[in-house]
Amino acid sequence: MEYSYTRRDLLNEPATYMYPPFKGWDFLEAYRASRLHVLGGLLGQLEPLQGGTRASRAAQASLNSGGVLDAASAFAVHAELIGDGWSGDEAAGNGGQETAGVLRGMLACPAEHAPLEVNAVLRGLVRRFEVSKKLPCVMSPPQYGLKGAPLTQVEPYAAFACLVGLAGMSARDLRLVNCLLKACDLLCSQGVEALAAPLTAPAVALAIMCEMSLVGALWPEKPC
């Protein structure tokens, strides 16, 4: 069985996910194989750049053996692979901020932004993405309303998926798992080469690790 949700470019042609049929364990295995294919390609890209990536190798070994990462392990992988390489919060004029810049700034310090209940920005983005499967170009404080044309670059979606994944590892919230599945579908539909940029690759890799751990925890008798 093929995992069908990444067959087309979801950045340009979003999926609807409307009432999909139940396909059983074979579908879950196809999902797992699809994600491990992308994850293996991304970690292969990172290996020569990171000088070892001990935490990422340990995380991938855990996933390959059917294990589930915990929140501490996920944040350790973030510190090793991503660290403080991201920064942002660029202004967009008229009191707004570019969504991409806001996400970069949040991903630089994810522990401060992980709790969904206290993070109005991430909450709003999760709601917007669930409706349209897109993120807006501009956010307008103080309520952080969302406006403008949708983002078309891969990097902001990588940052968003990574933040949602880390928030999910902290809160185990099904809203976040649902959103993360769709965000990772979008990213994986781009192919490994499109995700291989120095900032994008580790963010997507960590998002997939978090996603597979959260999905596996839903079915401990049949782990991912």
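These questions and answers go through some of the labels used for this predicted model.

Q: Why is Leu174 called exposed?
A: The relative accessibility of Leu174 is 59%. Exposed means over 50%, so Leu174 counts as exposed. Leu174 sits in helix α7, which covers residues 174-188.

Q: What makes Trp25, Leu174, Leu218 and Trp219 a nonpolar patch?
A: A patch of this kind joins nonpolar side chains within 5 Å, from residues with over 30% relative accessible area and no salt bridge. Trp25, Leu174, Leu218 and Trp219 form such a patch on the surface, and together they have about 410 Å² of accessible area.

Q: Why is the contact between Arg35 and Glu211 called a salt bridge?
A: Side chains of opposite charge can pair when their charged atoms come close. The cut-off is 4 Å between the side-chain nitrogen and a carboxyl oxygen. For Arg35 and Glu211 the N to O distance is 2.7 Å, so the pair meets the cut-off of 4 Å. Arg35 lies in helix α1 and Glu211 in helix α8, 176 residues apart, and the pair links distant parts of the chain.

Q: Are Arg35 and Glu211 buried or exposed?
A: Buried means under 20% relative accessible area. Arg35 has 0% relative accessibility and therefore counts as buried. Glu211 has 1%, so Glu211 counts as buried too.

Q: What residues line the largest cavity?
A: The lining consists of Leu10, Pro14, Ala15, Tyr17, Phe129, Lys133, Lys182 and Leu186. By class, six are nonpolar, none is polar and two are charged. The largest cavity holds about 50 Å³ of space.

Q: What is the volume of the largest pocket, and which residues are closest to its centre?
A: The volume is about 710 Å³. Of the 20 lining residues, Tyr5, Pro20, Phe27, Leu181 and Trp219 are the closest to the centre of the largest pocket. The lining has 15 nonpolar, two polar and three charged residues.

How values were computed: Residues numbered from 1 in each chain as written. Predicted model: local features only at pLDDT ≥ 70, side-chain atom pairs only at ≥ 80, totals over all residues. Heavy atoms only, no water. Patch = residues over 30% accessible without salt bridge, like charges linked within 9 Å, V, L, I, M, F, W, Y side chains within 5 Å. Areas by Shrake-Rupley, 256 points an atom, 1.4 Å probe, with all protein chains shown as cover. Helix = DSSP H or I, 4+ residues; strand = E, 2+ residues; numbered from the N terminus. Buried < 20%, exposed > 50% of the residue type's maximum accessible area, 1.4 Å probe, protein only. 1 Å grid on protein atoms, 1.4 Å probe; cavity = no way out; pocket = protein on both sides within 12 Å on 5 of 7 lines; lining within 4 Å. Points joined across faces, edges and corners; volume = space filled by probe spheres on them. Nonpolar A, V, L, I, M, F, W, Y, C, P; charged D, E, K, R; others polar.
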